[in-house]
2 protein chains.
Amino acid sequence: MTSPSYSHHFSIHNLPYGIASSPSHPTPQCATRLHNTIIFLADLQSAGLFSSIPSLPPNIFSHSTLNPFASLPRTTQTQVRHVLQCTLQSQPSLPDSSTSDITTVTMHLPVSIPSFTDYSCSLPHNQHAGLAILNNPTPPPAFFHFPIGYSGRASTIIISGTPITRPLGHFYDRTSSPSPSKSVIFAPTRTLDYELELGVIIGRPLPPNQGLKAQDAEEHIFGLVVVNDWSARDIQSLEMIPLGPLNGKNFATSISPWIVTLYALEPFKTQGPEPRVTLPAHLVDPGKASYDISVLVEVEEAGEGEKGGRRTVLGRSNARELFWSVRQMCAHLASTGCDLRTGDVLGTGTVSGEGEGEYGCLLEVTKGGKEVVKLEGGGERVYLEDGDVVTLSAWAGEGVGFGECVGQVRPAREIL
Amino acid sequence: MTSPSYSHHFSIHNLPYGIASSPSHPTPQCATRLHNTIIFLADLQSAGLFSSIPSLPPNIFSHSTLNPFASLPRTTQTQVRHVLQCTLQSQPSLPDSSTSDITTVTMHLPVSIPSFTDYSCSLPHNQHAGLAILNNPTPPPAFFHFPIGYSGRASTIIISGTPITRPLGHFYDRTSSPSPSKSVIFAPTRTLDYELELGVIIGRPLPPNQGLKAQDAEEHIFGLVVVNDWSARDIQSLEMIPLGPLNGKNFATSISPWIVTLYALEPFKTQGPEPRVTLPAHLVDPGKASYDISVLVEVEEAGEGEKGGRRTVLGRSNARELFWSVRQMCAHLASTGCDLRTGDVLGTGTVSGEGEGEYGCLLEVTKGGKEVVKLEGGGERVYLEDGDVVTLSAWAGEGVGFGECVGQVRPAREIL
């Protein structure tokens with residue numbers, strides 16, 4: 001079930017897309033959300049609501065993923081949005097049978113995801129992570145030249161609400177002696193972290209060997225979601241030299257259920273940071289290329305009474321300071337000749353600000369595990385404990401938000 | 001078209017699976033190969049050949065990918081192989097309409113590929129690459145603890161024969177002065193390389209959060225292919241710190257068309273290297289866990305007459321010395337809780353031996369671009385030039401080989 005408490009994120013100005021089911025619509029299918037009402041789009045198409053859009057294929061909203069709709073040209077998607085806004089604005093005269101209340105709805109993964117590319121676009125995050133791990137805030141050598149990133153695991157991207165099983169992995173046993181740095185063990189991670197990110201969902205595909213200019217990339221972006229790139233820091237730190245993260249990240253990545261379109265986000269465009277070097281043409285993206293999107297991470301301890309049920313805000317920041325725009329992220333991936341496929345997810349990397357309280361992951365909050373953070377329920381954390389619930393949310397403004405991306409940590413499975 | 005010159009790779013003891021089309025079978029569908037004859041399996045099923053296998057779903061071979069068949073339990077796949085071997089051995093009494101000669105056949109990507117994980121399992125390759133790049137042959141810190149690897153791009157995995165367009169990317173301009181190491185440009189790669197690998201194709205899927213023991217992994221392996229993990233060394237060297245390769249690899253990965261099953265490879269099992277550290281239970285894989293598979297890379301210059309048409313052998317080695325088995329590769333990926341999906345490709349990394357002539361990529365052959373290698377046609381190479389044709393092949397023995405994995409380098413596209 002999706003929480004009704006984010007009703008104000010879903011005004012007539014938002015109209016995001018998701019895959020929902022409910023008692024009246026037991027088969028997962030395409031839907032939009034207006035406040036706390038879920039509207040099943042196949043019903044509207046059957047009723048002829050979109051008959052003025054000849055380029056909209058029949059039954060496009062009956063699928064169990066948004067990929068067929070997302071792959072359409074943006075002009076068609078604009079027309080659908082226009083019809084929806086007019087219909088819902090004039091009055092909610094929809095037949096009851098086409099809607100369900102949010103409290104009765106189950107959300108599903110909105111797209112089938114061919115690939116997951118995760119960037120690291122926040123300069124403060126790179127500086128803080130460098131300080132925490134290497135005692136050096138200098139960002140990686142390529143940081144100002146292009147958005148640095150890695151390929152992640154697409155198959156373990158899960159919908160908000162799905163529990164996270166603590167992963168097992170190899171890491172240095174820091175508690176052993178006399179030589180802690182040399183003793184590698186295989187055990188449940190001791191340093192499970194969240195990463196507060198936004199993610200691009202690719203819409204219209206780009207064929208291979210074409211390249212893409214950042215300024216043309218919106219044609220290929222269906223919308224954005226909130227992403228929790230769960231990370232096992234101890235597993236990462238052993239495996240990353242020199243091939244980057246694999247098992248430290250491959251166990252789970254959560255995304256929020258509603259894809260907020262670029263149309264809805266258009267009023268919140270803003271100027272991002274200035275480039276530090278001269279960029280090649282495909283990365284040039286001046287003007288309002290960034291989005292003013294506030295992001296928030298809260299952690300709740302498991303348990304009843306005093307401890308349980310109280311959320312602690314561990315970080316607030318804003319996507320507008322990301323050094324690279326979502327358009328540049330798309331252009332960089334395609335620059336080699338790589339294709340883009342409908343449903344591809346491109347993460348921004350952890351969205352962090354410069355100061356205390358603006359950190360998007362515990363690695364930054366606890367300075368690499370060297371400090372403790374207090375929770376409202378009285379608990380203390382260095383990294384996540386079993387039972388902890390992590391809630392990410394994002395909000396552009398004026399009725400346009402993302403709702404939440406939530407996950408609870410479950411104990412590790414038994415070692416085989 | 002597939003070359004008939006590998007006829008001896010495809011005896012009755014092989015019977016690999018691929019996706020083929022021909023004038024008589026214009027729709028790509030499942031096939032096997034006996035010497036130079038392609039046999040369309042849907043025709044055999046229609047003729048009742050597999051009626052003794054109740055667990056084989058109807059029309060399983062009519063699909064345009066092998067995923068439905070590959071996902072079946074291995075017992076069912078064994079029964080199909082047994083029927084095929086008996087039928088083809090007794091005599092090739094197949095109706096003509098079910099076969100095509102190899103010269104009339106087009107091969108297609110054999111599986112739909114949800115993910116590509118590329119390992120780096122060869123100790124000599126790691127030592128040589130370390131020497132070439134860092135002047136230090138010490139393998140990465142995790143090398144002896146588990147197979148090190150990264151997630152690659154699945155969408156750009158292409159079938160043997162597809163040309164490779166030279167990728168564009170960011171790299172240090174080593175030709176500029178006075179400060180070559182600081183000048184980053186965006187241009188066609190100057191250091192395009194091949195990597196001679198084998199790849200596991202996952203068959204029966206593994207659900208998330210189960211884990212997998214190496215000794216149980218064969219249940220999930222459909223077979224092996226030859227892989228060319230095309231690599232742009234200059235792009236890699238700038239981007240890899242600290243997140244590993246992305247654009248240096250994401251433009252293309254070629255695979256051979258025929259998936260050679262583990263049944264066919266069973267006689268070629270052999271003991272691999274001994275572990276150097278005590279392994280956790282899921283990675284323990286004693287006995288004959290490795291495969292005696294000879295691998296070969298040849299490069300041919302473009303052009304007519306003297307220069308063109310002559311292949312130069314640039315490396316010969318054997319997969320038996322890979323430090324990690326294909327079963328351990330599967331077990332490591334699944335160890336966090338990550339799932340395995342039908343069609344997932346897991347590469348071994350470059351298969352190199354210790355000595356000169358046993359190198360699986362030009363980075364090793366030319367010592368990181370510091371030496372020149374001469375080709376039979378008279379040309380010299382440091383890295384690949386436009387027009388070069390790279391042919392990888394692999395051979396287990398006694399009529400069981402992989403055929404070839406071939407790709408020609410095309411010039412870069414124009415910069416946008």
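A salt bridge is a side-chain nitrogen of Lys or Arg within 4 Å of a carboxyl oxygen of Asp or Glu. Select R74(A) and E218(A): these two form a salt bridge, with their closest N and O atoms 3.9 Å apart. This is a predicted model, in which local features need pLDDT of at least 70 and side-chain atom pairs count only at pLDDT 80 or more, while totals for chains, interfaces and linings use all residues. Residues are numbered from 1 along each chain as its sequence is written, chains are lettered from A and ligands numbered from 1 in the order in which they are written, and side-chain values use heavy atoms, with hydrogens and water left out.

**Stop 1: the two domains of chain A**

Colour chain A by its domain assignment, domain 1 (4-108) and domain 2 (116-410); the bounds come from an automatic or database domain assignment. The centres of the two domains, taken over C-alpha atoms, are 29 Å apart. The contact (heavy atoms within 4.5 Å) takes 27 residues from domain 1 of chain A and 31 residues from domain 2 of chain A.

The two domains bury about 2400 Å² between them, 61% of it on carbon and sulfur atoms. Buried area here is the accessible area (1.4 Å probe) that two parts lose on being put together, summed over both. Next, select Y6(A), H9(A) and R74(A), which supply 29% of the area that domain 1 of chain A buries against domain 2 of chain A, more than any other three residues.

The count between these domains is 1 salt bridge. There are also 15 residue pairs in polar contact, both residues at pLDDT 80 or more. A polar contact is a pair of N or O atoms within 3.5 Å; within protein, one must be able to donate a hydrogen and the other to accept it, and residues adjacent in sequence count only if both atoms are side-chain atoms.

Which element gives the most to the domain 1 side? Show α3(A), which gives 4 residues. Helices (H or I, at least four residues) and strands (E, at least two) are DSSP runs, numbered from the N terminus.

**Stop 2: between the chains**

Show both chains. In contact are 59 residues of chain B and 59 residues of chain A. The chains bury about 5000 Å² between them, with 60% on carbon and sulfur atoms. On the chain B side, select R153(B), L243(B) and T336(B), which lose the most area to chain A, together 15% of what that side buries.

The count between the chains is 4 salt bridges. One to display is R153(B) with D344(A), whose closest N and O atoms are 2.8 Å apart. α5(B) gives the most to the side of chain B that touches chain A, with 6 residues.

**Stop 3: S115(A)**

Go to the loop between β5 (106-108) and β6 (116-119) of chain A, where S115(A) is placed. S115(A) counts as buried because its relative accessibility is 8%, the cut-offs being under 20% relative accessible area for buried, over 50% for exposed and partly exposed in between (1.4 Å probe, protein chains only). Beyond its neighbours within four places in sequence, S115(A) is in contact with A154(A), D344(A), V345(A) and R153(B).

**Stop 4: S22(B)**

Finally, select S22(B) in strand β1 (residues 17-22) of chain B. Is S22(B) buried or exposed? S22(B) is buried, at a relative accessible area of 6%. The side chains of S22(B) and S100(B) make a polar contact (2.7 Å). Not counting residues up to four places away in sequence, S22(B) touches F40(B), S100(B), T104(B) and V105(B).
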